[in-house]
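Morning, everyone. I have one model to walk through. Let me put it on the screen.

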Amino acid sequence: MELRQLRYFVTVVEEANFTRAAARLHLAQPGLSAQIRQLERELGQPLLERGARSVTLTPVGAAVLPHARAALAAVEQVTQTVDEFTGLLRGQVRLGFVSGIAGEDFDLAAVLAEFHSDHPQVGISLSEHTSEEMLEALRHGDLDIALVGLTGADIDATLGVDIVLDTAVVAAVPAADEPARTRIPLAELAGRRLICLPRGTGLRGVLERACAAAGLTPEIAFEAANPGVLLQLAAHGLGTAVVPELSAAEAAEFGVRTMEITDPRLRGQLALVWRRDRPGNPATKVLLGQLRIALGR
């Protein structure tokens, strides 16, 4: 029995599917299946029930699973203990963030540059996804840390959350459009052609949850992943953009003016999120600490 076989077994269980597990492990599916069959032969018992569309645990598999997870955790802890004892940070940290955040609201590059200067043997992989995708990746162990937009829905208790930005959500229209107004009720907003972030993002979730609670169905005419693009579309009269609050100078730069959304007022939150129920590797812990300090407001 090899540790990699236990890792493969646990991953298949978590994904409930050989194809998804193979993709997550960056393996060919036939090779993954062969490794699991070899493990079952060594143990003398089937661990998995292989269905047409999903994989489930046999009674023996269910009994073996917690021990497999404990063995993997123990090996990881041995490596971490040695690294901490020697003061050496190495390995890989996987960081996800929402589109449009890097280089605008937060200087992520500066934090990462400082971390890399102090710990050059640590690799950092960066990825941009929607907030929903990143929260799912955190739960499955495919990301270590993420900057996500919150929708207002309950957060999984296994995740640690630091709110780093809390801002009003506003409606943006062309600067010269219609009589100057400072407010717009949600019911009126929902009746307009809207320009919004894609489904799965925090801001889109805030809008959809508020509309659902009020019995409204918003018409999303245009979607874009970057708030700046939303503002450009609004400035050209293609609809009303739903965006985080802007300063007067920012609105003027994009050629829009904004209205406060009322009845109810909407707020968007950006959060730093990580797994708190699993001990991360030392590099993840250090980078998380630096991000919490740098993004604290």
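Start with threonine 284: is it buried or exposed? Threonine 284 is buried, because its relative accessible area is 8%. Buried here means under 20% relative accessible area, exposed means over 50%, and partly exposed is in between, with a 1.4 Å probe and protein chains only.

Ground rules next. This is a predicted model: local features need pLDDT of at least 70, side-chain atom pairs count only at pLDDT 80 or more, and totals for chains, interfaces and linings use all residues. Residues are numbered from 1 along each chain as its sequence is written, and side-chain values use heavy atoms, with hydrogens and water left out.

Back to threonine 284. It sits in helix α11. Helices are DSSP runs of H or I with at least four residues, strands are E runs with at least two, and both are numbered from the N terminus. Leaving out residues up to four places away in sequence, threonine 284 touches Gln92, Val93, Asp144 and Ile145. Contact means heavy atoms within 4.5 Å.

Now a contrast. Alanine 252 lies in helix α10, residues 248-254. Alanine 252 counts as exposed, because its relative accessibility is 58%.

On to the pocket. Which element gives the most to the lining? α4 does, with nine residues. The lining splits into twelve nonpolar, twelve polar and 14 charged residues. Nonpolar covers Ala, Val, Leu, Ile, Met, Phe, Trp, Tyr, Cys and Pro; charged covers Asp, Glu, Lys and Arg; the others, Gly among them, are polar.

Last, the whole protein. It has eleven helices and twelve strands. Of its 297 residues, 42% count as buried. The C-alpha atoms fill a box of roughly 75 × 50 × 30 Å along the principal axes.
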